[in-house]
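Have the sequence and the 3D view ready before you read on.

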Amino acid sequence: MLFKGKAWKFGDDISTDHIAPGRLFHLRTNLPELAKHVLEDADPEFASKVQPGDFVVGGRNFGLGSSREHAPRIIKLAGVGAVLAKSFARIFYRNAINIGLPVLTCDTDQIDAGDELEVDISRGEVKNLTKGISIKTTALPDVMIKILNDGGIVEHFKKHKGFAL
Amino acid sequence: MGKTLAEKILSDRSGADARAGDIVVAEVDAALVQDGTGPLAVEELRRIGMERAAKPERTILFIDHAAPSPRKELSNAHKTLREFAAKTGAILSEVNEGVCHQRMVESYARPGDVIIGADSHTCTSGAVGAFATGMGSTDVALGIASGKTWLKVPETFLIKATGKFQKGVYSKDLILHLIGLIGADGATYKALEFAGDAVEAMSMSERFTLSNMAVEAGAKTGICASDATTRAYLESVGRGSDWKPLEADADAVYERVVEADLSKLEPTVSKPHTVDNTATISEVVGTKVDQVFIGTCTNGRLDDLRVAASILKGKKRASGTRLLVCPASKGVYLDALAEGIIATLVEAGAAVVNPGCGACVGVHAGILGDGEVCLATQNRNFKGRMGNPEGFIYLSSPAIAAASAIEGVIADPRDYL
């Protein structure tokens, strides 16, 4: 999977409340509507201006907080190609892989807002086209690669009639 | 080489010799969803034709986050859970029965269990000696349908707590202090194991507060040994037969040991907008508060309400400060009524709302206005948490909360004890 798009830069500790806040709790059963508000409390312009294939670029501990799977789901529904961050919170990371939203760990200080990026998910390659540099990423754990290759945790479970990890 | 509590439980429930770093497939001894995460779990199971529960008597669906429902969309989400319960035989915990984590420890969590829940504070049940962890809706859906889940066996941080709390200092102050020390991502993917003579001396309610907030340091679970206190608690809720002893091996391997001397702790708060942004009480005394909220799965139990009532008895909330109280479960509510605690709190000016999660997660019943400050006994203070990104949330013990309600500014509870 190769994505090319613009970087939307966010800071450290972007919580699931920034991504899918409790005040929109009633929209959790209407994900396309909830996606219109994705990350609204971190950047009010993001949801209306993000283009398919663009990237969410965070700092440390991206996705901390609640277990709400709606958070990675609406990032994916908004057309985001991948989330890049220095580190991810545990539940968000597992949820993202489960539902097929690529997440890559790398030094995001080398990316500024608006930079054009090219990201090869399967190779784990991030190129900052604006700055003309390649950024090293941390390899996904083997178990996550298996789940991604099977097309997410549900597809994995169906294919193997259980967990084969 | 010995095993940590996490390694012991996951070895037993997977049949493998589970060591930190291993991937295991474990039995799910209890699975929970709530009204914010459950409908998505049910939809996923319907979509893939697996609308069933492998262990219906150990699958619990909680209507607690928006209870009673403030909107038709949420009423329909509740219907989805009720339909799933009716179809599969899973247990439904209705409006007013309480916050899922409090209800889990009262009625379902057992020492040695693997418990998964579509709610990040599922780790609360770790206090009874269970491996309890939060996951997303799809993971829990598969756990409900198959009775199994996959887990990476975590490395463990040993939290070794010694000494005695000074007057006005509680397990909430300890866990806030620890999160400040470790950082909001300092224990990502790890298990916390709470031990030491101070933890051995704690009540179960105090231990629940510790385990509840393990996730706020990024941890996967927060476990306590199962001992005589655990046994007495389970007997008190009519589940003595669920008890079994469980402790880590003396030669277990820990990634890190974090020591805390309780006698040196001061009343502690978390400042907006992250839980690890901690300060001792003297740094924040005098901060104006518009709302005080006492309740939640972190600090909405009988002992919490009792401390608040002892401080508020015969006094009134400050005129510019609202006081909300929410017992964590129906059982807590009834006990607090019988003890006269609720009357004391209402006389002091509290609005008592029915057991649930609404204010803490910002769904209803306590949403902040623009620029308003809330001091809450809950576990999170993220931007937007209480329903308004323009609000500011401080976290504290019930004692600080009660003292602050009287003064209308953040206050030191030691002046009232």
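Predicted model: local features only at pLDDT ≥ 70, side-chain atom pairs only at ≥ 80, totals over all residues.

Residues are numbered from 1 along each chain as its sequence is written, chains are lettered from A and ligands numbered from 1 in the order in which they are written, and side-chain values use heavy atoms, with hydrogens and water left out.

**Salt bridges**

- Over all chains, the structure has 44 salt bridges (a side-chain nitrogen of Lys or Arg within 4 Å of a carboxyl oxygen of Asp or Glu).
- One of them joins Asp17(B) and Lys3(B), with 2.7 Å from N to O. This pair links distant parts of the chain, 14 residues apart: Asp17(B) sits in the loop between helix H1 (5–14) and strand S1 (23–27) of chain B, and Lys3(B) in the segment before H1. (Helices, H or I with at least four residues, and strands, E with at least two, are DSSP runs numbered from the N terminus.)
- Arg58(B) and Asp113(B) make another salt bridge, at 3.0 Å from N to O. They're 55 residues apart, with Arg58(B) in the loop between helix H2 (38–47) and strand S3 (59–62) and Asp113(B) in the loop between helix H4 (100–107) and strand S5 (114–117), all in chain B.
- Glu69(A), Arg73(A), Glu44(B) and Arg47(B) are linked in a salt-bridge network.

- Buried means under 20% relative accessible area, exposed means over 50%, and partly exposed is in between (1.4 Å probe, protein chains only).
- Asp17(B) counts as partly exposed because its relative accessibility is 49%, while Lys3(B), at 14%, counts as buried.
- Both Arg58(B) and Asp113(B) are buried.

**Strand S2 of chain B**

- Five of the five residues of strand S2 (residues 30–34) are buried, so the strand is largely enclosed by the rest of the structure.
- Side chains in a regular strand alternate between the two faces of the sheet. Here, Ala30(B), Leu32(B) and Gln34(B) point one way from S2(B), and Ala31(B) and Val33(B) point the other way.
- S2(B) runs parallel to S5(B), joined by three bridges, and it pairs in the parallel sense with S3(B) over four bridges (strands pair if DSSP finds at least two bridges between them).
- Leu32(B) has Gly117(B) as its bridge partner in S5(B), and Ala31(B) has Thr59(B) in S3(B).
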